[in-house]
Amino acid sequence: MLKINAMRWRHFYLDRLVQIFVYLAVFLVCAVFLWILIDLLRGGFAHISWGFLIESPRDAGRAGGIGSILVSTVLILLVALAAALPLAWTAAALLAEYVSTTSKLGIVVHYSLQVLAGVPSIVFGLFGNAFFSIYLGLGFSILSGGLTLACMLLPILVSTAEAGLRAVPDSYRSAAAALGMSRAAALFHLLLPIAAPTLAAGLLLGIGRAVAETAALLFTSGYADRMPGSLLDSGRALALHIFDLSMNVPGGDAPAYASALVLVAMLLCINIFAMKLVQDWQRRRTILE
Amino acid sequence: MIWSKRNILFPLKLTDSLLHGILRAGAVISALVMLLISLFLIVESWPVLGQISPVRFFTDLSWHPLEGAYQLMPMLAGTLYASVGALLLAIPLGIASALFIAYYASPRLAKWYKRLIELLAGIPSVVFGFWGLTTLVPLINQLHPPGASLLAAILVLTLMILPTITLTAYSALMAVPIEFLRNAAALGLSRWGMIHGVAFPAARAGIVAGIILAMGRAIGETMAVLMVAGNVVQYPDGLFDPIRTLASNIALEMAYAMGDHRAALFISGLLLMVMVMMLSGMAGWLERSRHA
Amino acid sequence: MSMSDSKKFLLICITFFVLGFGGLTCANAASGRLVLTGSSTVAPLVGEMARRFETMNPGVRIDVQTGGTSRGINDTRNGTADIGMVSRALKPDETDLHAFTIALDGISIILHANNPVTALSKQQIIDIYTGKITNWKSVGGADARITVVNKAEGRSTLELFLHYLELKNSQIRPHAIIGDNPQGIKTVAGNPNAIGYVSIGAAEYEAERGAPIKLLPLDGVDATIANVRNGTFPLSRPLNLITSREPQGLARHFIEFARSLQTHDLVEAQYFVPVEVN
């Protein structure tokens, strides 16, 4: 019989113990995730119907649907993107192509975007309320909410776009210079199209973040649950609707579950789409190289 | 690199400098946004600093703005208790999940579990708060009333920061050079020995950076905590007491705050921002020192 | 990559720009617009009135938002809202505002419907809210801890309740703090051992819709709208619309509509008492 070293037994047990702990932790996480999903499905699935998605809410949301809410959400999103995308992509193009990371402008822009990324969403709400709603006089409106969201989206959009542009190999830029293209031409005709999937994936990530946002919209786009007539009207985003139904409306749990399901489904679609785009880009990149 | 100034695609001589100008403008505006935010927060908080000495935020009797009392400490304590409690739960679970994806699971299982974590990361905070309100709070209420409590806030926050910790720990672990791990295997180390002795020390900076980022997220979280924490301004005596965090305080009272009260809320917003800025600065510094 | 791809990309960017600018210059569609903010007690009633007003005057848009009586006063003063909603009489330091009463309401203590307690004296209520009584069995109920629900600051329901009990907010020991009336009702309906106080109109409205709550009598007087109407209920209050100046145009039109006989059925449907305006 072999003499078994005491320390080897301890290593063996410790290894097994850690393995059990890891498996338990993963099991716990999966279990909770399934619990939440099943609760959402059980509570809301019966309430979802085509009418639910089209009609406006009645009786504080207990009856009717979320049609006007979805419209408001999309409008807020469009305003946020229209404001954030030009700024973000120009900043990313500048950082990736024209400015070295050690130059003053580069450091300042990088640092301020990093800080911006960490600011809590409620602070954005405070700022949006003070600046867009009161100082600029936009009041409670979709415009005000969208612009506040745009500020929140800037860091994500810039960092993903910059990463995408930086990932294009330098050999492309050399080839463009060798062909006699100007920088503008190289950017528009060569680099942006190649980086387009990453930019699009970053865009979808930003959309996912924007749709999930609540705190920043509480005091900027308001609570009105009717179909907005213009961008200056108040509109309620889907996440806010879930918040209001669950906190303030007795008997509002079923539509809240249903709205939560719709929201999670939307985010799931966006995520899957973004993942496909990134996979596509990675595959194309390995083919090209 | 020498770029041609004139070519067939964009014949205008101006194009390059025009583009450069536009790009610079966009970047500068993006950088200005942060400045604008800090400026507005300071401007809006200034009035109260003139009338109330900052010490009062820590020494007043309680938070009753309509009676002129602006003691922030209970809410600060509530914020910290909830965040630290969530971190205590989320760090082991998150790192274990990352270890599972990186070393313990088969490739297919790892892929699916990673997708599950990414989905969890994408779920909005209102949905977590809603689930907490309808499922967790009644459960805790049966254990020990009132249900909406520090414990509920901790559990919901754990769910929210777990994916962050998992994903950053995973990318830190993946960045460990594979020769290290092969060397460990060649030396006959057990799996835990390899993790404990080789992977963790190499990935430590990344993992800690992820934890710090998660803490920043927990401190700033508003909606989910607002829905499940009970919102009573007090130092909690135990896990089952209700608390109010700084972020949810702003959300609750902003709607009707006027004058000094409003400025006090902006100050608590500034405080939050400064705390999170320091945390993300630390995380960024750690990240950079890892690459160095 | 062909040229048409990058052209497409440019087209998308331009579309975003156009959408952005187009939206910014989009004119307001409605021919008239009113913004009302304030008390969560008044908001459902005014919301119904607003809907009826809109159907009678197409092209008008009325936005109603809650936030509490203090917010109504605040927003009216600084112009954010055209009309404010407050659920109490104006205070002596608010003489710069004009108030128009549209209904009467009361404040009632609510318990869960399954709670065996049927009445509480004023002293018992004070003791429960200041934390001296912590278990239902001390007042004749089950052996369970009381969950005290209080309203957030800035709500006139809180102010009137404190005034009636002769307490200050710092003396209250709550276990949960809620904002709007329906939130309070939802909290009590979800917890068999909770006690809270909300507007009678809101409570009766929700109870009618199946919320498991019951209203407790105050000082021996039942908490019903009939008792508010005949003045015997101790905690009654007027529901007011306020403006910062003499109301003009659309605001005046709406306020007159709100106080007219045309809306009495709406007032009673929300379980408030309509007021006669001569």
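Two strands pair if DSSP finds at least two bridges between them, and the strands named in these legends are DSSP runs of E with at least two residues, numbered from the N terminus, while helices are H or I runs of at least four. Everything here comes from a predicted model, in which local features need pLDDT of at least 70, side-chain atom pairs count only at pLDDT 80 or more, and totals for chains, interfaces and linings use all residues. Residues are numbered from 1 along each chain as its sequence is written, with chains lettered from A and ligands numbered from 1 in the order in which they are written.

**View 1. Strand 7 of chain C and its partners.** Let's start with strand 4 (residues 98-112), which runs antiparallel to strand 7 of chain C and is joined to it by five bridges. Here C:Ile110 has C:Gly196 as its bridge partner. Strand 5 (residues 147-151) of chain C pairs with strand 7 in the parallel sense, over two bridges; C:Ile195 is the bridge partner of C:Val148.

View 2. Strand 7 (residues 194-199) is largely enclosed by the rest of the structure, because six of its six residues are buried (20 or more other C-beta atoms within 10 Å of the residue's own, with C-beta atoms placed from the backbone).

**View 3. Where chain A meets chain B.** Look for 76 residues of chain A in contact with 72 of chain B (C-beta atoms, placed from the backbone, within 7 Å). Helix 1 (residues 6-44) of chain A gives the most to chain A's side, with 16 residues.

**View 4. Where chain B meets chain C.** In this view, 19 residues of chain B are in contact with 20 residues of chain C.

Technical notes: Two residues are in contact if their C-beta atoms, placed from the backbone, lie within 7 Å. A residue is buried if 20 or more other C-beta atoms lie within 10 Å of its own, exposed if 12 or fewer, and partly exposed in between; C-beta atoms are placed from the backbone.
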